[in-house]
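I set out to read this structure step by step and to keep a record of what I looked up. The entries below follow the order in which I consulted it.

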Amino acid sequence: MLDWSRLEDPARAINAGRRRIGLGIRAGRLHLGLTQQQLGWRVGIVQSTISRVETGKIQGLRYSTLCRLVGVLQMSPDYRFPDGPPPPRRRLPGQRRRIR
C-alpha cells in the first residue's frame, strides 16, 4: 500500500495538477470562443483570476468556483483534461459493454 505521508515531493504533484486543470479550463474556454474576461463575467470572477487558473499560478481556488467554471464551460462527464491518464482497458463496474 502506498504511504501518502511519505511522498517525495507533494508540492510538485500539486503544481502539475494545477497546470493540468488550467490547460483544461483554457481548452474549454477556447472551444466556446470566449475571452478570459467573458468567462470571468459568466462565472463571477475577474479576468486576472481566470488567467491565474489557466497558468496554474493560483494558490487558493474555492471548490465552488471550480464547479462554476466547469458548469459554465459545459464540460461533459467524459471530458478529459489534456495529458490526462489513458482510459481504462477493462470495463468498470456499472459500465455497459460497447457495441462495435
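**Entry 1. The chain as a whole**

I note at the outset that the model is a predicted one. I looked up the secondary structure and found four helices and zero strands in the protein chain. Along the sequence the pattern reads α-α-α-α. I then checked burial: 23% of the 100 residues of the protein chain count as buried. I also looked up how far along the sequence the contacts reach. Among contacts in the protein chain with a separation of 6 or more, 65% join residues 24 or more positions apart.

**Entry 2. Helix α2 against helix α3**

I record that two packed helices are described by the angle between their axes and the distance between the axes. I looked up both values for helix α2 (residues 36-43) and helix α3 (residues 47-55): their axes come within 8 Å and cross at roughly 105 degrees. An angle from 65 to 115 degrees counts as roughly perpendicular, and α2 is therefore roughly perpendicular to α3. I listed the residues that make this contact: α2 contributes Gln36, Gln37, Leu39 and Gly40, and α3 contributes Gln47, Ile50, Ser51 and Glu54. By class, the residues of the contact of α2 with α3 are two nonpolar, five polar and one charged.

**Entry 3. The two sides of α2**

Which residues of α2 are buried? I found Gln36, Leu39, Gly40 and Val43 to be buried in α2. They lie on the same side of α2, because they cover an arc of only 100 degrees around the axis. The buried residues of α2 pack against α1 (10-31), α3 and α4 (63-72). I looked at what comes after the helix: Gly44 follows α2 and has a positive phi, near 95 degrees.

**Entry 4. Helix α4**

I repeated the search for α4, whose buried residues are Thr65, Leu69 and Val72. Seen down the axis of α4, these buried residues fall within an arc of 75 degrees, so they line one face of the helix. The elements that cover them include α1, α2 and α3. After α4 comes Gln74, with a positive phi near 55 degrees.

Neighbours within four places in sequence left aside, Ile58 is in contact with Arg18, Thr49, Arg52 and Val53.

**Entry 5. Helix α1 against helix α3**

At what angle do the axes of α1 and α3 cross? I found a crossing of roughly 120 degrees, with the axes coming within 6 Å. α1 and α3 are therefore oblique to each other. In this contact Arg18, Arg19, Gly22, Leu23, Ile25, Arg26 and Arg29 of α1 meet Val53, Glu54 and Thr55 of α3. By class, the residues of the contact of α1 with α3 are three nonpolar, two polar and five charged.

I looked up Arg20, which lies in helix α1. Arg20 counts as partly exposed, because its relative accessibility is 39%. The C-alpha atoms of Arg20 and Glu54 are 8.8 Å apart, while the two residues are 34 residues apart along the chain.

I next looked up Gly28, also found in helix α1. Is Gly28 buried or exposed? Gly28 counts as buried, because its relative accessibility is 9%. From C-alpha to C-alpha, Gly28 and Leu73 are 5.8 Å apart in space, and they are 45 residues apart in sequence.

Last, I looked up Ser48 in helix α3. With a relative accessible area of 37%, Ser48 is partly exposed. Ser48 and Gln37 are 11 residues apart in sequence, and their C-alpha atoms are 8.3 Å apart.

Note on methods:
Residues numbered from 1 in each chain as written. Predicted model: local features only at pLDDT ≥ 70, side-chain atom pairs only at ≥ 80, totals over all residues. Heavy atoms only, no water. Axes fitted to C-alpha atoms, helices over the stretch in contact; angles between N-to-C directions. Parallel < 35°, antiparallel > 145°, perpendicular 65-115°, else oblique. Contact = heavy atoms within 4.5 Å. Nonpolar A, V, L, I, M, F, W, Y, C, P; charged D, E, K, R; others polar. Buried < 20%, exposed > 50% of the residue type's maximum accessible area, 1.4 Å probe, protein only. Arc of directions from axis to C-beta.
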